[in-house]
Amino acid sequence: NVTIMLTMAEQVMLFLEKSLVFILICSSINLTHSYIIDMVMMKELTLGSFNVRGLSSQVKKNQLTTDMKTRNIDICCLQETKMKAGVDITVGESRLICFPTTVTAYGMGFYINSKWTKHIYKYWSVNDRIAKIQFYIKIDENDIKKQKEIKTIVNIYAPHTRRIQKDNTELHDLYIELGNLLNILDKQSKLLLIAGDFNAKIGKR
């Protein structure tokens, strides 16, 4: 029921607050930038989220890469790629990773510019609504114990309101899955970021 759904959402938010996790909630059509100062690297990272409404054609892939460069986006979480088979390709000097999807209208992925491609550690799709990518960053070449740290980005694509009006099970399951994942990633990552299309508004109904 609705009460359970909100309770799970509150539990996830409480975890995020305690863990000092940065949340980037982006609209379904607008790019959102966040300038994050990493106290370890002391460098600037520009993270975006973009509901691309389909990314099958090469023209759209090229346009996406151009848009990312124009906006100086380092890493971008992508939703609604609508690519059933998925791809992992290089477009120009950037890398485009799109995961396979069981629902044609869905599909998630990541855009990574040339500065960050060499730091990619691993990535995978948890399901059609959650994907993640991790980066290895060198900290101290002279200290073996501090040579590398993991930075993790989680990409979220929540269901539309009209899908949950009659049955909110899908949203409830998403929050449960996200909470479980964050508990694991929080222990692995020096920096944990969440971005995506939450299809939601902050505040009371």
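## Salt bridge between Arg 95 and Asp 88

In this predicted model, Arg 95 forms a salt bridge with Asp 88, and their closest N and O atoms are 2.9 Å apart. A salt bridge here is a side-chain nitrogen of Lys or Arg within 4 Å of a carboxyl oxygen of Asp or Glu. By this rule the count comes to six salt bridges.

Arg 95 is partly exposed, at 24% relative accessibility, and Asp 88 is likewise partly exposed, at 37%. For these classes, buried means under 20% relative accessible area, exposed means over 50%, and partly exposed lies in between (1.4 Å probe, protein chains only).

## Network around Glu 170

Arg 129, Arg 163 and Glu 170 are linked in a network of salt bridges. Glu 170 pairs with Arg 129, the closest N and O atoms being 2.9 Å apart. Because Glu 170 lies in helix 5 (residues 169-188) and Arg 129 in the loop between strand 8 (120-127) and strand 9 (130-138), this pair ties together parts that are 41 residues apart in sequence. Helices (H or I, at least four residues) and strands (E, at least two) are DSSP runs, numbered from the N terminus.

Glu 170 also meets Arg 163 in a salt bridge, at 3.0 Å from N to O. As to accessibility, Arg 129 is buried at 6%, whereas Glu 170 is partly exposed at 25% and Arg 163 is partly exposed at 43%.

## Two buried threonines

Thr 81 is placed in the loop between strand 4 (75-79) and strand 5 (87-91). The residue counts as buried, with 0% relative accessibility. Apart from neighbours within four places in sequence, Thr 81 is in contact (heavy atoms within 4.5 Å) with Val 52, Gly 54, Leu 55, Ser 56, Cys 98, Tyr 106, Gly 107, Met 108 and Gly 109.

Thr 152 belongs to strand 10 (residues 148-157) and is buried, with a relative accessible area of 0%. When residues up to four places away in sequence are not counted, Thr 152 touches Lys 132, Ile 133, Gln 134, Leu 185, Ser 189, Leu 191, Leu 192 and Leu 193.

## Basis of the values

Local features need pLDDT of at least 70 and side-chain atom pairs count only at pLDDT 80 or more, while totals for chains, interfaces and linings use all residues. Residues are numbered from 1 along each chain as its sequence is written, and side-chain values use heavy atoms, with hydrogens and water left out.
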